[in-house]
Amino acid sequence: MSSHSDTCDNQGYAKRLVAIRFSALGDIAMTVPVIYSVAKAYPEMEIIFVTRPFFGRMFINPPANVRVMTFDLKEQYRGLRGTIRIARELARLRPDYVADLHDIARTKVITAWLRMHGAKTVTVDKARGARHKVYAGGEPQRQYIDRYFDTFRRLGLDAKTVFSPVYGKENYNLPVRIKSPAVGIAPFARYANKTYPPEKMRNVARQLAARGVNVYLFGGRGAEAETLASWQEDGITSLAGQFPLEDEIAIMGQLDVMVSMDSANQHLAALGGTKVISIWGSTTPACGFLGFGQTADDAVCLNLPCQPCTIAGSDECPKGHTNCLRTLSEETIVSKVMAKL
């Protein structure tokens, strides 16, 4: 992985493609199966994925023709001046194609700059104008993984999904021993109305442990890690905040099932090749954020008349009740998990 490059040599590749996405964690995790699939379909093409340093760490064991370039947007690449610096460095690579998988002001500038330097460019279609149709049972949005594939098709790069877990089951030295049957629970999300009530989720963990399941808790450092540490008891172990991202993905890959909100963890577990049961509140699978390899059958969602009420989540329920999560029974989730096991 490189922070930047001055080379314009295509290093033996017939063509060069630059794909750009700077955030967020879950969105970039969804690009990994797409990038790897396109790379395997076009081995004669070099693919350079441009992102931030932390997010670049998800591109584990990539195909030989994939490399990651990272730019620290909080330091030397801050603001408009930093964006121009990124554009200039990428222009020196002389890309033939550019895929803007983000469609924000920064990537618009970079993409326009590279287009002026001869690259064929496309931008992901987020269908912003049609998003309101999904609310309260309206027209579902196209899944974002499919949108990413669509973007490459518009460059003439049509690829079938060919993706294996980023780690093999045997070839990674895990920092912790996972006992089977193993279920991971990642109970937090960025927004309150996407988070199953913590006490109810704690009951899910206890019910699973009572059935002989080994439960492993995942979360961030700080307050999340402290909360999950307090949940520990026989059969329930917290791993929150203890390991780097690469190790977390490897650990998730050893689980039988991961239980996650509509959050980054469902996408990280998918990179590890683990079956995911996702829990939905203010958002639903119709918003387009199902993880790689998941179907609607893997989602736990009440589909109330008011769902979904937002595309990405927020901290308040517009109706003030959060019934989409509050009235979802622990037994429903436990039964779903046991059926997967």
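Me: Buried means a relative accessible area under 20%, exposed means over 50%, and partly exposed lies in between, with a 1.4 Å probe and protein chains only. By that rule, why does Leu90 count as buried?

Reply: The model is a predicted one, in which local features need pLDDT of at least 70 and side-chain atom pairs count only at pLDDT 80 or more, while totals for chains, interfaces and linings use all residues. Residues are numbered from 1 along each chain as its sequence is written, and side-chain values use heavy atoms, with hydrogens and water left out. Leu90 has a relative accessibility of 0%, which falls under the limit, so Leu90 is called buried.

Me: Which part of the fold holds Leu90, and what does Leu90 touch?

Reply: Leu90 belongs to helix H3, residues 79-91, where helices (H or I, at least four residues) and strands (E, at least two) are DSSP runs numbered from the N terminus. Setting aside residues up to four places away in sequence, Leu90 touches Val18, Ile20, Val50, Met69, Phe71, Pro95, Ile110 and Leu114, a contact being heavy atoms within 4.5 Å. Ile110 sits 20 residues from Leu90 along the chain, and their C-alpha atoms are separated by 8.5 Å.

Me: What makes Leu17 count as buried, and which residues is Leu17 in contact with?

Reply: Leu17, in strand S1, is at 0% relative accessibility and therefore counts as buried. Beyond its neighbours within four places in sequence, Leu17 is in contact with Met45, Glu46, Ile47, Ile48, Tyr97, Val98, Ala99, Phe152, Leu155 and Leu157. Gly129, by comparison, is 112 residues from Leu17 in sequence and 28 Å from it in space, C-alpha to C-alpha.

Me: Why does Lys194 count as buried, and where is Lys194 found?

Reply: Its relative accessibility is 9%, so Lys194 counts as buried, although Lys194 is found in a loop, the one between strand S6 (182-186) and helix H6 (198-210). Among the residues that Lys194 touches, once those up to four places away in sequence are set aside, are Ala189, Met261, Asp262, Ala312 and Leu325.

Me: How do you know how many disulfides there are?

Reply: A disulfide is a pair of cysteine sulfur atoms within 2.5 Å, and by this rule the count is zero. Cys306 is in no disulfide, since the nearest cysteine sulfur, in Cys324, is 6.3 Å away. The sulfur of Cys324 has its closest cysteine sulfur in Cys317, at 6.2 Å, which is too far for a bond. The relative accessible area of Cys306 is 23%, so Cys306 is partly exposed, whereas Cys324, at 9%, is buried.

Me: What is the volume of the largest pocket, and which residues are closest to its centre?

Reply: The largest pocket holds about 1,000 Å³ of space. It is lined by 38 residues, of which Ala24, Leu25, Gly26, Ser263 and Ala264 are the closest to the centre. On a 1 Å grid over the protein atoms alone, where a 1.4 Å probe fits, a pocket is an open set of points with protein on both sides within 12 Å along at least five of seven lines, and lining residues have an atom within 4 Å of a point. Grid points are joined across faces, edges and corners, and the volume is the space filled by probe spheres set on them. Helix H1 (25-41), helix H8 (245-252) and helix H9 (264-271) each supply at least two residues of this lining.

Me: What makes Ser263 count as buried?

Reply: Ser263, in the loop between strand S9 (257-261) and H9, is at 12% relative accessibility, so Ser263 counts as buried. Apart from its neighbours within four places in sequence, Ser263 is in contact with Phe188 and Ala189.

Me: Which backbone values deserve a second look, given that most residues other than glycine have a negative phi and most peptide bonds are trans?

Reply: The peptide bond between Ser23 and Ala24 is cis, with omega about -5°, and Ala24 is found in the loop between strand S1 (15-20) and H1. The bond from Gln307 to Pro308 is also cis, with omega near -15°, and Pro308 is in the loop between strand S11 (299-300) and helix H10 (323-326). Asn303, which is not a glycine, has a positive phi of about 55°, and Thr322, not a glycine either, has a positive phi of about 50°.

Me: Are Asn303 and Thr322 buried, partly exposed or exposed?

Reply: Asn303 has a relative accessible area of 55% and is therefore exposed, whereas Thr322, at 23% relative accessibility, counts as partly exposed.
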